[in-house]
Amino acid sequence: MQITGMGKSGTYNSYVSVGPTAQALSGLTHMSGFPEPREPAGWGYSYLDHSTGYYGAILVLAALLRRKRTGRGCYIDLSQTEAGLMVSGTATLEAQLTGQPTDRHGNRMQAAGWAPHGAYPCRGSDEWIAIAIQNDAQWSSLVTEIGAPQWAREARFDDAAGRKANEDELDRLRAEATIAADRYDLMRRLQQRGVPAAAVQKADDRCQ
């Protein structure tokens with residue numbers, strides 16, 4: 001198996017690449033970030049350096065299985081850009097079928113009526129918690145945990161359709177409700193109520 005940035009043949013076969021370069025060429029960089037007119041945020045690390053290795057390992061295992069079954073070996077040409085296209089999910093397929101350009105949605109879930117769905121500020125410097133409400137029961141548990149403020153009991157937030165339609169305002173109010181909370185304490189309290197939530201960790205958090 002040979003791994004390159006752009007493949008061993010084709011227009012870009014002589015290009016030198018690292019993860020971020022292939023991420024840009026594959027479209028992943030454009031897909032990450034908040035909606036227009038904000039600039040693409042890109043990925044926080046060299047994602048394709050890791051992903052290409054994962055795909056490579058799977059392909060080697062598949063080649064070994066093929067050799068065991070047929071006695072024939074394989075030469076595998078895997079590029080980082082190709083792995084990026086596979087990681088892009090349905091975005092490339094949607095563009096092919098509809099002709100519509102790819103949009104960025106930030107942390108929001110556009111494929112389902114989940115709201116609130118994002119990262120919200122907590123107490124401290126650059127401290128955040130990720131919360132993903134997927135149904136009315138989780139929303140009710142979240143409202144109870146944050147003290148059932150008046151805004152959370154408004155009719156427009158009663159169901160998923162209403163929360164999605166008012167997502168901008170919901171995110172603003174939601175951020176105000178978490179700003180004084182410790183991210184880990186709030187995470188534990190929400191998880192105990194069955195609400196998907198996790199403290200957003202920095203590099204030093206993962207080393208403790």
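**Surface patch, cysteines and backbone**

Author: Start with the nonpolar surface patch, whose largest share, four residues, comes from helix H3 (residues 47–70). Keep in mind that this is a predicted model.

Reader: Which residues make the nonpolar patch?

Author: Met1, Ile3, Leu59, Val60, Leu61 and Leu64 make it. The patch covers about 500 Å².

Reader: Take Leu64. Where is that residue found?

Author: Leu64 is in helix H3.

Reader: And is Leu64 buried, partly exposed or exposed?

Author: Leu64 is partly exposed, because its relative accessible area is 41%. Patch residues need over 30%.

Reader: New topic. How many disulfides do you count?

Author: The count is zero. To be counted, a pair of cysteine sulfur atoms must lie within 2.5 Å.

Reader: What about Cys122, buried or exposed?

Author: Cys122 is buried, with a relative accessible area of 2%. The cut-off for buried is under 20%.

Reader: And Cys74? What is its relative accessible area?

Author: For Cys74 the value is 41%, so this cysteine is partly exposed.

Reader: On to the backbone. Is the peptide bond from Glu36 to Pro37 cis or trans?

Author: That bond, from Glu36 to Pro37, is cis. Omega is near 10 degrees there. Pro37 sits in the loop between helix H2 (28–31) and H3.

Reader: Then Ala115 and Pro116. What joins them?

Author: A cis peptide bond, with omega about 0 degrees, joins Ala115 and Pro116. Look for Pro116 in the loop between helix H5 (91–98) and strand S3 (117–121).

Reader: Now phi. What is the value for Asp126?

Author: Near 55 degrees for Asp126, which is positive in a residue other than glycine. The loop between S3 and strand S4 (128–132) holds Asp126.

Reader: Is Asp126 buried or exposed?

Author: Asp126 is exposed, since its relative accessible area is 53%. Exposed starts at over 50%.

Reader: What about phi of Ala148?

Author: Ala148 has a positive phi near 50 degrees, and this residue is not glycine.

Reader: Where do I look for Ala148?

Author: Go to the loop between helix H6 (136–145) and helix H7 (160–165). Ala148 is partly exposed there, with a relative accessible area of 29%.

How values were computed:
Residues numbered from 1 in each chain as written. Predicted model: local features only at pLDDT ≥ 70, side-chain atom pairs only at ≥ 80, totals over all residues. Heavy atoms only, no water. Patch = residues over 30% accessible without salt bridge, like charges linked within 9 Å, V, L, I, M, F, W, Y side chains within 5 Å. Areas by Shrake-Rupley, 256 points an atom, 1.4 Å probe, with all protein chains shown as cover. Salt bridge = Lys/Arg side-chain N within 4 Å of Asp/Glu carboxyl O. Helix = DSSP H or I, 4+ residues; strand = E, 2+ residues; numbered from the N terminus. Buried < 20%, exposed > 50% of the residue type's maximum accessible area, 1.4 Å probe, protein only.
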